[in-house]
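Work through the exercises below with the sequence and the coordinates at hand. A worked solution follows each task.

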Amino acid sequence: MAHIRVLPELLISQIAAGEVVERPASVLKELLENALDAGATEIQVALEQGGAKRVQVDDNGAGLAKDELPLALARHATSKIGSLDDLQGVATMGFRGEALASIASVARLSLTSRPGGAPHAAMIRAEGGAGSAPAPAARAQGTTVLVEDLYFNTPARRKFLRSEQTEFGHCEDVFRRIALARPDVAFTLKHNGRVSAHLRAQPMGERAAALLGRDFLGASFPVDASAGALRLHGLAGTPQAARPRADAQYLFVNGRYVRDRMLSHAVREAYRDQLHGERQPAYLLFLDIDPRTVDVNVHPAKIEVRFRDSGGIHQFVLHALRRALAPAAGAAPVVYARPADSGTGFQPGFQPGFHLQQPAQAYQSFMAAATAAVPLPETADSAPLGYALAQLHGVYILAQNEAGLVLVDMHAAHERIVMEKLKLGLDAGAVARQSLLVPALLSVDALDIATAEENGDTLAKLGLETSVSGPNELAVRAAPALLAGGDIAGLTRDLLRDIRDYGASEVLSARQNELLATMACHAAVRAHRALSVTEMNALLREMEETERSGSCNHGRPTWYQLTLADLDRLFLRGQ
Ligand SMILES: Nc1ncnc2c1ncn2[C@@H]1O[C@H](COP(=O)(O)OP(=O)(O)OP(=O)(O)O)[C@@H](O)[C@H]1O
Ligand SMILES: [Mg+2]
C-alpha cells in the first residue's frame, strides 16, 4: 500500500500552476494584474512566439524592495490581504499570493524592481522553482517581470501549447480585456518585436473605439444607472449595430472581466425582441458593486464570481440596460426590490421543489399567453405533482394534488428535465446526437475555429459535430437529439466560448452542471406554444421521474406546493 507523504514545495506549486497557468495568456493576465495592483499608469508588454518563448511586462508602479523580492516568488505570500476580513472585501485583482510562485515553477522567471526612493533596482531569478539571491540591477521606478520558456520543465504540458498564432490570439484576448477595463492606464503590446497595440491613457469611449472599432462607438448608447451601491455604466451597442459574431461582449465586475451566466442572461434579456435571429449585441459594461457583496475567490483564475444577491443584480442590470436601449419609450419607474423584500407579510409555507442551476434563458419568451381551463381528472390520486388544471399566462401550470395546489414553472421544469437527460447521456460516454438535414451556420473568429478543431472530441461527447465552412464560418452538422429544433448555432457558440475561456477538461468536470444548464437552455422550443392538458400531465410525470433520479438542488425552484392550509390562511379561514 502507498504511504501518505507531504509533497515537495516545487511539486505543490506545479500542481497549483495547473490551475492558474493554462497557457501563455494566463501568464500575461497574472503579470498585467500585478502591474495594475501596483498602481502602474504605463504598462509595456513584449511577447515572443505567442508568449511561449517570452512574456515580459514592464510597469511604472510602486515596485518592490530588494528584500521583498524572494517573498514575491514564495507561495502564499502577498501584500494584498492579511485577514479573512480583507479577503471578503478585496479590491485588488490579486489576493492568492500564488501567481508568481506558480509561474516560476513551470518557467524561467526574472523579477527586476525598484521602489520609489530606492537608490537602484534589484533583481532576482527563479528557474523551475529554485530562486537566486537578489542582486543589484538598473531600472527606473517600477517592475519588470520576464517569463521565458513556459513549461520547459513540464513537457507533458508543453504539448498542449497550440500554434504561435493561436497562443498569441489568446494573449490578445487577455490584453484587450484588461486594456478595456483600465482606459486610465497606457498600454503597449509587442509581438515578435512588432508593435500590435499602442494605447495612451484616454477616456473610456476612446479606448473602446481603439480596441473595438470606431463603428462600435458610433453605434452605441451610453449606460449609466445606479441603485444604492450598485452602478452599471459603459456602452451598449444599438440593436442595429449588432454583429454576426459575439466578439464584442465585455462585462466587468469591479474592473474584473468575468464570465457569469446570470449577468449575460440579464443582458440578453434586455436585447431580446430587439435583435434579429443570430445577431449578437456589442457591449462594454462595467458593474460596480460593494466588494463585500461579491465573492471573487471561487475560481483559480478569478474568471468567475459569486453574488450574494444575484436575483437583485439580475433585475438591476436588465432594467438599467432596457432603459438605456429605449430612452424614448417613457419607461416606467423601476422598482428593484425583490418580492421577498416587498413586506406584504404574506409568507405561505411553500415547499420549494427541485431546482434548476441557473435562470432559464428564454424564460419569458417561450410561449404566447394562454390560459386554458380544463376538466379535472376523475380521481386526484397519488401522483405527487398532481394533475394539470390550467395553464396561466403561458408560463405556469396549475395542478391539483392531494395536498392542494401545485404551481409549476413550465420552462424551468422542461429545462431541468432536458438537463437530467443530457447528464445521463454524458455519464454514459456521449450525448445522443442527430444529423442535421441543413447544417446550422455560425460566424466565428479564428480562435473559435481553432477551438472547434482542437476540441472535436469534446464537442462529439456533447453531441455536436462541426466543420469549417469558410474563413469565418463554422457549420454544425450534427446536434444533440434532445435539442433538435432548438437554437443550435447559439448552443455551439456558447459551448465554444466556454471551452475557449475555461479549457475543455474544466468544462467537462468542474463546470459540468453549468455546461448542462447552458445546453438545456437552448432546448425549450416546444414551450413556445400553449400545452394541451395531456402534454402538461406528461410534463408533470416526467418531472416526478427526474426528481426521483436524484437531482441536485441548486438554483431556482421549478415548482411550489401551496397546501389547502396555506390557502385557508390566506383567506383567514377558521381563524
Ligand atoms: N508588478 C509588480 N509590482 C509590484 N509588486 C508586485 C508586482 N508583481 C508582484 N508583486 C508583489 O508580489 C506579490 C506576489 O505576487 P503574486 O501575483 O504571486 O500574488 P498576488 O498578486 O498577491 O495574488 P494572486 O496569486 O492572486 O495574483 C504581490 O502580492 C505583490 O506584493
Ligand atoms: Mg498577482
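**Exercise 1. Find the helix that gives the most residues to the shell around ligand 1, and describe the shell.**

Solution. Helix α2 gives the most, with three residues; helices and strands here are DSSP runs numbered from the N terminus, helices being H or I with at least four residues and strands E with at least two. Both α2 and α5 (99–105) supply at least two residues of the shell. In total, 20 residues surround ligand 1, the closest being Thr78, Ser79, Lys80, Arg96 and Lys302; a residue is near a molecule if one of its heavy atoms lies within 4 Å of it. By type, the shell divides into eight nonpolar, six polar and six charged residues. In this scheme Ala, Val, Leu, Ile, Met, Phe, Trp, Tyr, Cys and Pro are nonpolar, Asp, Glu, Lys and Arg are charged, and the others, Gly among them, are polar.

The model is predicted: local features need pLDDT of at least 70 and side-chain atom pairs pLDDT 80 or more, while totals for chains, interfaces and linings use all residues. Residues are numbered from 1 along each chain as its sequence is written, chains are lettered from A and ligands numbered from 1 in written order, and side-chain values use heavy atoms, without hydrogens and water.

**Exercise 2. Which backbone atoms lie 2.8 Å from an oxygen atom of ligand 1?**

Solution. A backbone N or O atom of Arg96 lies at 2.8 Å, and one of Gly97 also lies at 2.8 Å. A polar backbone atom of Phe95 is 2.9 Å from an oxygen atom of the ligand. The protein covers 95% of the 590 Å² of accessible area that ligand 1 has on its own (Shrake-Rupley method, 1.4 Å probe).

**Exercise 3. Compare the span of α2 with the expected one, and state how many of its residues are buried.**

Solution. Helix α2 (residues 24–37) has 14 residues and reaches 20 Å from first to last C-alpha, close to the 20 Å expected at 1.5 Å a residue. Of its 14 residues, 12 are buried (under 20% relative accessible area, 1.4 Å probe, protein chains only). Among them are Pro24, Val27 and Leu36. Just after α2, Gly39 takes a positive phi of about 80°.

Terms used:
Expected span 1.5 Å × (residues − 1). Buried < 20%, exposed > 50% of the residue type's maximum accessible area, 1.4 Å probe, protein only. Polar contact = N/O pair within 3.5 Å; in protein donor to acceptor, adjacent residues only side chain to side chain.
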